[in-house]
Amino acid sequence: MNVYNSLTRRVEELRPLEGDTIRLYTCGPTVYNFAHIGNFRAYAFEDVLRRAIQFNGMKVRQVMNLTDVDDKTIRGANSAGVALGDYTKTYKDAFFADLKKLNIQPAEVYPAATDHIPEMIALVQKLMEKGVAYQSEDGSVYFKVREFPGYGKLAHIDFDSQRTGLRCAADEYDKENVGDFALWKAWEESDGPVGWDSPWGRGRPGWHIECSAMSMKYLGETFDLHTGGIDNLFPHHENEIAQAEAATGKEFVRMWMHCAHLRVNGEKMSKSAGNFFTLRDLMEKGYTGREIRYVLINAHYRSGLNFAFSALEDARKALEKIDRCVEAVGKLKGSGAERSGSEPEWARKCLAEFADAVNDDLNLPRAFAAVFDLVRRTNGAASAMSGEEAGGVLGVFRRMDEVLGVVFFGNEKKEVEVPADVRSLLDARAEARKAKNWAESDRLRDAIAALGWSVKDSRDGQSVSPR
Ligand SMILES: [Zn+2]
C-alpha cells in the first residue's frame, strides 16, 4: 500500500514500524459546536485510510483527540453559564452520533484534553529543562522556535534564512520571537472558572501540546502515521513535531498525510455566505449519512472537493444503482454461500483493479470506477451466472465495501429505541427548564436535534421522536 508522505513529498510504502499494526494519530474536533462537513471530509478520509490498512491485512491503532478546552469552548461555556465539561459533552455526544451516521469506524482511543493535563505539564516541563521553552512576563510558557533546528521541515519552509523576518514585533512583547508558540497559557479573567495549577501558575495548555502529549502517551514516542486536514499542516503539525522531537530527541512520526479543503458550490464555506453546513443541516434537507459519505470520499483526498447539492443527487442515483445490482445478485445466489473465490474471472479482475487503485495513494475515483465496472458486468451477465458465481460476486462487493462503507446488503435496521445519550440530554433539559434557563433549554433542544431526535413540550413534560 503506497501513500503520499507530506514530510518527504514522495509516494512511499506504508508498512508498520513494529509488528503488524499501523499506529495512527488523527487530529480530532474542537467540541465547541457541531462539526461541519469540511471537518467530516477529513474524518471520512481517515476512515477510508484505516479501512484500507485493514483491507491490506494490517491492523490499526487509531487515536483521535477531543479538544475540550480552548478559547472557543471556554467562551461558549461561560456565555451559556454552564460548566465547561457539561458544555463540551453535548458536542462530544453529537460528534460520535455524526460519526455513526457517516459509518465511520470508531478509533481505538478518543482522549480528551482535559483528562490529560498532567501529561501536558510533564512535557512542557521537559522542554523547559532542555532549554527550548521559556516563561514570559505574562506567565505563559512559549516554545523557542529558533532552538529547534528542524523547525519547518514538514511545511518545507527554511526558517533559518528568514530569521530576520521573524523578529520580535512591537505588539508581541510577551514573546521573544513572533514564531514562538504557547505551550501553556496563563489564566486570564475571561477564563472564569477554567484553569489548572502548574509550576508556572494557574492556566491551561496550548492546543499544540495536547496532540504531542496524547499521541506519545498512546502510540509511543515514534509512531507510523499522523494525519489531518491540510490547514493543520502549518503551524499545528509543525509545532507537534518540534515539541515531541525537542523533548525526546527521536523522530516523532514516520509519515504524514493531509487531505485537501472542501468548498461548497465553488466557494469557501462560511456562515456569512450561507453555505455553511453541519451534518444535521444536510440530513434535515433529506439526505442520508450514506449519501453524504459517498460524496465526501468520492474525490481524491489530496484534491479540493467541491461539495454541491447536485453531487448529493448523483450520489443517491449511484447508490441506488449499486443497491439494485447487489439485491439482484443476492436473489441469484439463492441460499448458496457468499464468498469470494467462486466469482467469474471478470469480477476477480474488477477486485484486482479496485485494490490497485486503493493502494495507489487511496485513489478512490479509480476505485469507484472499478465498482461500477463490476455493476455493469454483473448486470450484463445477469441470469447467465450460477448461484455459486453470484455468491462470489457478492463476496467481491462485500470486500470492496470493507474500504468504502457505503453499500447496503439488505440488513440495515431501523432504530426506534431512544438512545442513552439522547435520554441524558433530555434529563439535562428538564433540569434547565425547571431552573427557567431557557437559553440552555434551547441549546439542548438543538443538541438533541443534532442526534436525530425532535423534542415536543407539553403539560406532561417532554417527548421525543426520531426525525
Ligand atoms: Zn492535532
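Confidence in the predicted model was examined before its details. The mean pLDDT of the protein is 92, and 95% of the residues reach a score of at least 70.

Strand β1 (residues 2-5) runs antiparallel to strand β2 (residues 10-13), and four bridges join the two. Within this pairing, Tyr-4 has Val-11 of β2 as its bridge partner. The two strands, β1 and β2, form a hairpin with four residues between them. In the turn, Arg-9 has a positive phi of about 55°. Tyr-4 also takes part in an interaction with a charged side chain: the charged end of Arg-302 sits over the Tyr-4 ring, 4.0 Å from the ring centre.

Strand β7 (residues 181-186) pairs with both β6 and β8. With strand β6 (residues 141-143), the pairing is antiparallel and comprises three bridges; here Phe-143 is opposite Phe-181 of β7. With strand β8 (residues 203-205), β7 again pairs in the antiparallel sense over three bridges, and Trp-184 is opposite Pro-205 of β8. Strand β7 is largely enclosed by the rest of the structure, because five of its six residues are buried.

An open sheet of three strands has the order β12-β11-β13, with mixed pairing. Its edge strands are β12 (267-268) and β13 (305-307), each of which pairs on one side only. Strand β11 (residues 262-264) runs antiparallel to β12, and two bridges join them. Val-264 lies opposite Glu-267 of β12.

The whole structure contains 19 aromatic pairs. One of these pairs is formed by Phe-252 and Trp-256. Elsewhere, ring pairs link Phe-40, Tyr-43, Phe-95, Phe-96 and Tyr-110 into a cluster. A charged group is also placed over the ring of Phe-408: the charged end of Arg-290 sits 3.6 Å from the centre of that ring.

Two buried residues were examined individually. Arg-51 belongs to helix α1 (residues 37-55). The relative accessibility of Arg-51 is 7%, which is under 20%, and the residue therefore counts as buried. A polar atom of the Arg-51 side chain lies 3.0 Å from the backbone oxygen of Asn-103. Apart from neighbours within four places in sequence, Arg-51 is in contact with Asn-103, Gln-105, Arg-293, Asp-401, Glu-402, Val-403 and Gly-405.

Val-109, in contrast to the helical position of Arg-51, is located in the loop between α3 (84-101) and α4 (117-129). Val-109 likewise counts as buried, because its relative accessibility is 15%, below the 20% limit. Although Val-109 and Gln-62 are 47 residues apart along the chain, their C-alpha atoms are separated by 6.6 Å. Gln-62 is also among the contacts of Val-109 beyond four places in sequence, together with Arg-61, Val-63, Met-64 and Tyr-218.

Key:
Residues numbered from 1 in each chain as written. Predicted model: local features only at pLDDT ≥ 70, side-chain atom pairs only at ≥ 80, totals over all residues. Heavy atoms only, no water. Pairing = 2+ DSSP bridges. Phe/Tyr/Trp six-rings, centres within 6.5 Å; stacked < 30°, edge-to-face > 60°. Lys NZ or Arg CZ within 6 Å of the ring centre and 35° of its normal. Buried < 20%, exposed > 50% of the residue type's maximum accessible area, 1.4 Å probe, protein only. Polar contact = N/O pair within 3.5 Å; in protein donor to acceptor, adjacent residues only side chain to side chain. Contact = heavy atoms within 4.5 Å. pLDDT = per-residue confidence, 0-100.
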